[in-house]
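Q: Please take a close look at one strand pairing in the model below. Then describe what surrounds it, out to the complex as a whole.

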Amino acid sequence: MDNLDLTVAPGTFHGIVGPNGAGKSTTIGMAVGLVVPDAGAISVLGHDAIRDRASARAVTGVLPDGLDLPERLTGAELLRYSAGLRGLSRAAAAERAGELIEVLGITKAAATPLADCSTGNRKKVGLAQALLHAPRLLVLDEPFEAVDPVSAASIRRVLRRFVDGGGTVVLSTHSMLLVEQMCDDVTVIHQGRVVAAGAVAEVAGGIPLEDRFVELVGAETGGGDGLAWLVR
Amino acid sequence: MSAVLTPARMRATMFQRSLREHPGPAVAALTGLLTAGWLIRYGVYGNPHTLSILAGTWVLGWIVLPLMLGGGRGRVRPSHLRLEPVGSVPAAAGLLLASAVGIGPLVSLVALASLPVHAARYGFRGVLAAGAGALLLWLTGLIGSAFALETIGHAGGPVGAILTGVFTGAVMGVLGSVWAVASWITALLAGPPPHVVRWLPWFPGSWPLSAATGSPLRTAALLGGLVAIVVGFALAYLLLVRRSLVTGASWRPRRAPVSPTPSPSPSPARTGGRRLAGGWWGPGPVWAVTGRELRTWGRHPLRLQYLAFAVIYGALLAGLPMVADANLLVPWAGVFTALWAAAMSAGLVGLDGTALWMPFTTPDGERAEVRGRALAWLLLVAPIALALTVAGILLTPEVDPLPAIAVLPAVLGAGATVPVWVSLLRVRPVPDPRHPTSADNPTDIISVLVASAAGLLAAAAPMALIIWGPDGLRWPAPVLGLAAGAAMWAGGAWLADDRLATRGAEVLTAAGRRTRPPETPIPLTWDAAWYRENRATAWALILLMAGWIPVIPQGLMVLVLDIRGGWIVASHFTGATRTGTAVAMVALGGAVLLTGLVLWGRRPRPTA
């Protein structure tokens with residue numbers, strides 16, 4: 001990262017976009033304590049995320065991308081484990097886990113060892129554990145990757161209700177359409193720096209966000225030349 | 001034709017690369033060739049029945065050992081050809097040809113040459129028959145090994161894992177008690193007992209030498225039997241390859257789905273009308289991690305393998321000396337089991353991949369992670385170790401149980417937390433935490449040594465009191481053992497806490513590093529400039545290869561097999577001097593190998 005400065009307004013849905021290797025996952029990792037920055041400050045809902053990690057963690061729910069889960073546990077056992085880690089009472093854990101399993105449609109995944117679950121179901125179980133302790137900030141890395149459209153719609157509805165209730169969602173994604181549909185604000189990261197940030201419409205500047213994104217990161221879309229042997 | 005040859009070329013390239021990057025294959029080749037050389041020498045003068053048993057056991061070892069020692073790595077597998085337009089017959093032929101490239105097949109071929117060498121005494125026809133039989137045994141080993149690796153080696157099932165642990169534990173237990181079973185080995189080398197000889201004709205390993213001495217009809221029947229075994233294995237392998245190529249599925253045992261609502265437990269967690277899935281876990285973050293760990297111990301194939309290994313190894317190491325009327329170690333079965341269980345737990349974080357992120361995103365999660373792991377280990381190992389100790393004491397009432405009783409709590413305390421710290425210090429992730437195979441082993445020798453040393457250190461205090469304390473004051477030794485165990489628990493927990501608190505992100509990064517960092521390539525031909533620039537690596541290679549000579553032929557083979565020869569230093573002496581020289585040779589070789597390992601660990605690595 002290179003002097004990254006990112007502000008997320010509480011109670012909003014904030015998208016982080018950028019090309020592969022731009023630093024999206026590193027940014028998210030730093031915000032939740034999985035990556036230690038060389039310098040700088042991180043504040044999560046008023047808590048110093050570097051010096052007072054416990055307070056910041058207590059209000060944050062995380063769904064990382066590409067990290068393993070306790071693979072020998074079933075989805076239900078993962079939720080039980082997560083509830084225990086967070087010190088939730090048995091009554092609250094039972095109530096919430098049951099509801100999340102129902103709403104996210106993971107009854108089957110809840111009974112299957114995570115090692116044998118599909119990527120989409122793993123995402124949904126991961127999202128359930130991120131929501132279980134009712135955080136005020138949700139940090140989601142590629143939450144809709146490999147999730148079927150019906151489940152994605154349910155998840156979007158849950159997240160929208162969460163934001164409407166005063167919660168904050170930060171998500172990283174490659175889908176500009178998702179950002180346009182769901183996010184209030186967007187930050188575009190390129191080569192470890194913020195190249196644009198603000199309300200989605202403002203950043204898009206009157207053109208489709210995808211076109212604006214290609215402009216901002218200065219990428220040339222290839223594929224127009226060569227390969228004569230393929231296209232005949 | 002190219003479909004048959006291409007996998008062999010792929011394998012040759014991978015093999016060449018592994019030779020260039022690591023001394024392991026060269027060391028294995030040297031050790032294997034030394035053993036094969038001894039077998040040929042035994043073939044010249046030895047007993048034919050014993051030679052048949054040794055040859056058959058060699059082939060069996062060739063099939064079984066790669067399952068435990070990571071033989072699946074660097075192999076060309078049927079799944080690699082899944083997208084290629086290759087028929088199953090040429091694919092199977094090509095894959096088997098590729099399997100023939102490597103150290104195991106080469107060394108086995110040399111070892112099995114002991115059969116025609118022995119048959120030379122029966123004339124040309126004998127050599128021919130034994131040679132053909134040896135070749136067929138070699139093919140049995142080659143195809144059997146490929147088949148076993150593709151089925152059991154990649155299956156990762158709990159039963160296979162436990163059996164692997166039992167087998168390795170038994171092998172290590174017998175090797176560790178070799179002084180006790182030496183009389184059996186000596187008797188076997190002189191010739192097996194009559195009841196074994198009676199059953200030997202049913203053992204395919206004996207068929208090549210029987211073919212060398214039998215009538216032409218018997219020779220044809222015995223060689224025909226070996227051909228049938230080879231064809232049987234080849235057909236089974238062909239079916240396996242066809243299944244992999246056609247259906248795209250490798251063989252994997254069915255996993256029974258886990259019930260979402262577990263069977264009724266003593267205290268079903270029923271709250272507010274909704275049942276809490278996942279069974280009983282206990283309250284709070286530490287118990288959450290403990291619950292996760294206990295379930296993982298019960299389901300993870302490698303953890304089950306390690307536990308089975310520790311129990312069998314510990315029990316045999318303590319119990320086998322009874323064969324030689326040495327009962328002193330029997331009450332120590334529990335201590336040994338706890339010690340090995342701790343050593344085998346020194347790489348568990350690597351087995352779990354990056355799953356550590358969950359406690360890292362939870363308030364005070366690191367502390368819960370350390371204590372939960374330690375508590376789960378203790379809950380699992382302590383009852384087993386205690387039961388073995390009690391059984392040992394009951395079996396040998398004439399042996400003073402105080403030392404074992406005093407040391408047990410010390411070893412348990414150290415074994416619970418120190419391996420957690422070690423596995424956080426030296427994270428070696430498995431390639432696929434979701435579906436690990438028995439070929440994956442995230443524990444390295446240094447981690448094992450540190451984890452074991454902690455147990456020994458904890459045991460030192462109560463043992464010192466028992467050995468050097470005044471007679472009347474030996475009885476508090478168990479209390480001292482308990483205190484030493486508690487102190488080691490606290491020390492290990494403190495170190496692990498500190499590691500996670502200050503280097504958590506570093507641990508997580510290491511746990512996610514699935515590809516190896518680039519290695520220093522070792523030239524396969526003489527390159528003076530390279531050796532000048534890489535003196536440490538060159539010395540490491542020399543020491544790692546030369547160190548086996550004092551250990552095996554100069555030491556162990558003298559002690560165990562009583563071999564003699566002009567170049568065997570110990571054979572120029574007799575009695576205690578001879579034994580002392582052989583033991584000194586083992587120690588010298590061990591020191592040379594250790595120095596080689598240290599130098600190898602410190603070799604400069606190229607920048608990526």
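A: The bridge partner of A:Thr187 is A:Ala197, which belongs to S8(A). The model is a predicted one, in which local features need pLDDT of at least 70, side-chain atom pairs count only at pLDDT 80 or more, and totals for chains, interfaces and linings use all residues. Residues are numbered from 1 along each chain as its sequence is written, while chains are lettered from A and ligands numbered from 1 in the order in which they are written.

Strand S7 of chain A runs over residues 185–190, and S8 of chain A over residues 193–199. Their pairing is antiparallel, with six bridges; two strands count as paired if DSSP finds at least two bridges between them. Strands here are DSSP runs of E with at least two residues, helices are runs of H or I with at least four, and both are numbered from the N terminus.

A:His14 stands opposite A:Asp185 of S7(A). Five of the six residues of S7(A) are buried, so the strand is mostly covered. A residue is buried if 20 or more other C-beta atoms lie within 10 Å of its own, exposed if 12 or fewer, and partly exposed in between, with C-beta atoms placed from the backbone.

Positive phi also occurs at other residues of chain A that are not glycine. A:Asn3 has a value of about 50° and lies in the segment before S1 of chain A. It counts as exposed because it has 9 C-beta neighbours inside 10 Å. A:Ala146 has a positive phi of about 65° and sits in the loop between strand S5 (137–141) and H7 of chain A. With 12 C-beta neighbours inside 10 Å, A:Ala146 is exposed too.

Chain A as a whole has 11 helices and eight strands. Its radius of gyration, taken over C-alpha atoms, is 19 Å, close to the 17 Å that the globule rule (2.2 Å times the number of residues to the power 0.38) gives for 232 residues, so chain A is as compact as a globular protein of that length. Of its residues, 47% are buried.

An automatic or database assignment divides chain A into domain 1 (1–59 + 137–232) and domain 2 (66–134). Their centres, over C-alpha atoms, are 24 Å apart. Ten residues of domain 1 of chain A are in contact with nine of domain 2 of chain A, a contact being two C-beta atoms, placed from the backbone, within 7 Å. On the domain 1 side, helix H7 (residues 149–164) of chain A gives the most, with four residues. That side has six nonpolar, two polar and two charged residues. Ala, Val, Leu, Ile, Met, Phe, Trp, Tyr, Cys and Pro count as nonpolar, Asp, Glu, Lys and Arg as charged, and the others, Gly among them, as polar.

Chain A also meets chain B, where 43 residues of chain B are in contact with 42 residues of chain A. Elements giving two or more residues to the chain B side include strand S2 (274–275), helix H13 (284–299) and helix H18 (365–395) of chain B. H13(B) gives the most, with nine residues. By class, the chain B side holds 20 nonpolar, 14 polar and nine charged residues.

Chain B has 25 helices and two strands, and 45% of its 608 residues are buried. Its mean pLDDT (the predictor's confidence in each residue, from 0 to 100) is 84, with 87% of residues at 70 or more. Within chain B, confidence is highest in H18(B), at 96, and lowest in strand S1 (residues 270–271) of chain B, at a mean of 43. Residues 251–273 of chain B have pLDDT below 50, yet this stretch has 39 contacts in the model beyond near neighbours in sequence. Where pLDDT is low, the predicted coordinates should not be read in detail. For the complex, the predictor gives an ipTM of 0.89 and a pTM of 0.76.
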